[in-house]
Amino acid sequence: MRGALRERFGGLPRSYWVLWGGTLINRLGTMVQPFFAFYLTGSRGLSLAQVGAVLTVFGAGAFFSQLLSGHLADRYGRRITLTGGMLATAVIMLVLAYSQNIAVIVACMFLLGVAMEIYRPASSALVGDIIPTKDRTRAFALLFWAVNLGFTGGVLTGGLLAESAILWLFWIDAVSCVVFGLLVWFLVPASQEAPRADVPGSFRDVARDRVMMVFVAITLAYAVVYHQSMITLPLAMRADGLDPTAYGIALAANGVVIVLVQPLVVNWLGKFDHSTVAAVGMAVVGLGFGLTMFVSSTAGYTATVVVWSIGEIVVTGVSAAIATNLAPPHLRGRYMGVYGFAFSLSNLISPVFGTWLLGIGQAVLWSTLAVLSVVATVAQLWIAPAIRERTLVSVA
């Protein structure tokens with residue numbers, strides 16, 4: 001048992017575990033976002049149309065945050081970007097909690113959308129700075145596990161508080177942000193960041209990296225497929241006569257699978273070629289969504305969620321490591337910002353794309369998602385040699 005634990009969790013530096021622990025605390029405190037609609041309608045009395053507009057403003061802010069964070073992380077440093085984003089999130093969160101004016105609420109939601117996601121590229125770049133290439137897959141996989149473990153606990157606790165003490169959600173979220181930011185600032189040495197070299201760089205350098213841009217396109221295709229779990233999956237289940245509780249049961253399987261399986265495979269994923277692992281994961285995700293066309297019961301939908309959840313674990317375990325390995329140290333923040341931007345862009349594309357296909361028919365939707373996953377899989381295998389070569393260079 002000790003050997004198995006050491007193999008999965010051992011050998012990573014103290015600074016990484018500070019980042020891991022801060023991420024877990026922050027995700028445990030992430031209680032507000034899932035209940036935005038409840039807060040805006042119940043506590044602030046906004047109409048459904050107003051809530052939709054406000055949440056769109058929040059999404060607009062989040063759309064730009066990844067690229068902004070990537071620039072700031074390279075220009076000013078990973079620690080100050082992460083800490084600044086967390087402290088800004090805490091302040092905006094509390095201002096929003098006590099805001100009554102609709103204009104102030106809208107402004108806060110936009111700023112919150114920007115601030116909440118600033119930590120991601122900075123955090124990923126910091127992992128690339130402090131973890132050697134051979135251990136990055138394991139490090140990112142464990143970080144993904146912390147995010148899901150914390151978020152699951154946060155949502156469950158938030159659900160208990162949302163009905164009677166919703167202001168507590170804002171305070172707990174704000175405090176968790178402050179704790180995360182200060183932990184990184186005081187316990188991760190500045191010397192462990194990649195030095196901000198005099199080498200000039202910009203997002204143009206990322207755009208000229210053909211391998212990276214193809215990988216970003218692959219990531220976008222994968223994200224469009226994955227995001228249907230929160231867009232068209234509940235609509236399809238409702239069309240089959242299932243209630244929201246059934247959807248909650250099916251989606252809960254995703255969190256259970258990740259929490260239980262992720263620690264078991266973190267070390268195994270890093271032993272194989274990253275692109276091959278990512279391609280296999282995308283194929284499994286496509287299989288899971290493709291099988292959805294053949295089910296109509298709660299048990300059937302839950303089974304398909306289990307399948308694509310296994311694929312999600314595999315993809316997420318290596319994809320961030322691929323992006324990090326492709327990046328030169330002085331551009332690591334921008335590379336991770338562009339990588340994260342693929343998911344932000346998917347948030348805009350996925351609802352329109354998915355609902356359009358669902359309007360044609362469920363079979364069309366699920367088969368198209370399966371085909372899109374196959375295309376992503378083939379493309380990932382196509383660029384595998386180039387990624388492998390770049391990774392070997394970074395190891396050297």
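This is a predicted model: local features need pLDDT of at least 70, side-chain atom pairs count only at pLDDT 80 or more; totals for chains, interfaces and linings use all residues.
1. Start with Trp20. Setting aside neighbours within four places in sequence, Trp20 contacts Leu142, Leu143, Trp145 and Ala146.

2. Trp20 belongs to the largest nonpolar core, which holds 85 residues. It is among the residues with the most contacts inside that core, together with Tyr16, Leu82, Met212, Met237 and Tyr301. Helix α15, residues 298–326, supplies the largest share of the core, with 12 residues. There is also a second, separate core of 22 residues. Val51, Met109, Met116 and Ile166 are included in this second core.

3. Next, a helix pair that involves α15. Helix α11 spans residues 210–226, and its axis comes within 12 Å of the α15 axis. The two axes cross at roughly 155°. That angle is over 145°, so α11 counts as roughly antiparallel to α15. The crossing of α11 and α15 is left-handed.

4. Which residues in α11 and α15 meet? On the α11 side they are Val211, Met212, Phe215, Tyr222 and Tyr226. On the α15 side they are Trp308, Glu312, Val315, Thr316, Ser319, Ile322, Ala323 and Leu326. By class, this contact of α11 with α15 divides into 10 nonpolar residues, two polar and one charged. Met212 takes part in this contact and is also listed among the residues with the most contacts inside the largest core.

5. Now α5 and α7. Helix α5 covers residues 78–97 and helix α7 covers residues 119–130. Their axes come within 9 Å and cross at roughly 150°. The pair is therefore roughly antiparallel. The crossing of α5 and α7 is left-handed.

6. The contact of α5 with α7 uses Arg78, Thr81, Leu82 and Met86 from α5. From α7 come Tyr119, Ala122, Ser123, Ala125, Leu126 and Asp129. The class count is six nonpolar, two polar and two charged residues. Leu82 sits in this contact and is another of the residues with the most contacts in the 85-residue core.

7. The pair α16 and α17 has another geometry to check. Helix α16 runs over residues 332–360 and helix α17 over residues 362–382. They pack at an angle of about 135°, with axes 5 Å apart. The angle lies between 115 and 145, so α16 and α17 are oblique to each other.

8. In α16, the residues that meet α17 are Phe353, Gly354, Leu357, Leu358 and Ile360. Their counterparts in α17 are Gln362, Val364, Leu365, Thr368 and Leu369. Seven residues of this contact are nonpolar, three are polar and none is charged.

9. Is Gln66 buried or exposed? Gln66 lies in α4, residues 48–75. Its relative accessibility is 5%, so Gln66 counts as buried. Leaving out neighbours within four places in sequence, Gln66 contacts Glu117, Arg120, Pro121, Met336, Gly337, Gly340, Phe341 and Ser344.

10. Ala49 is also placed in helix α4. Ala49 has a relative accessible area of 62% and is therefore exposed. How far is Ala49 from Met31 in space? The C-alpha to C-alpha distance is 23 Å, for a separation of 18 residues in sequence.

Technical notes
Residues are numbered from 1 along each chain as its sequence is written. Side-chain values use heavy atoms; hydrogens and water are left out. A nonpolar core is a set of buried Ala, Val, Leu, Ile, Met, Phe, Trp, Tyr and Cys residues joined through side-chain atoms within 4.5 Å. Buried means under 20% relative accessible area, exposed over 50%, partly exposed in between (1.4 Å probe, protein chains only). Helices (H or I, at least four residues) and strands (E, at least two) are DSSP runs, numbered from the N terminus. Contact means heavy atoms within 4.5 Å. Axes are lines fitted to C-alpha atoms, for helices over the stretch in contact, and angles run from 0 to 180 degrees between N-to-C directions. Angles under 35 degrees count as roughly parallel, over 145 as roughly antiparallel, 65 to 115 as roughly perpendicular and the rest as oblique. A crossing is left-handed if the near helix is turned anticlockwise from the far one by less than a right angle, and right-handed if clockwise. Ala, Val, Leu, Ile, Met, Phe, Trp, Tyr, Cys and Pro count as nonpolar, Asp, Glu, Lys and Arg as charged, and the others, Gly among them, as polar.
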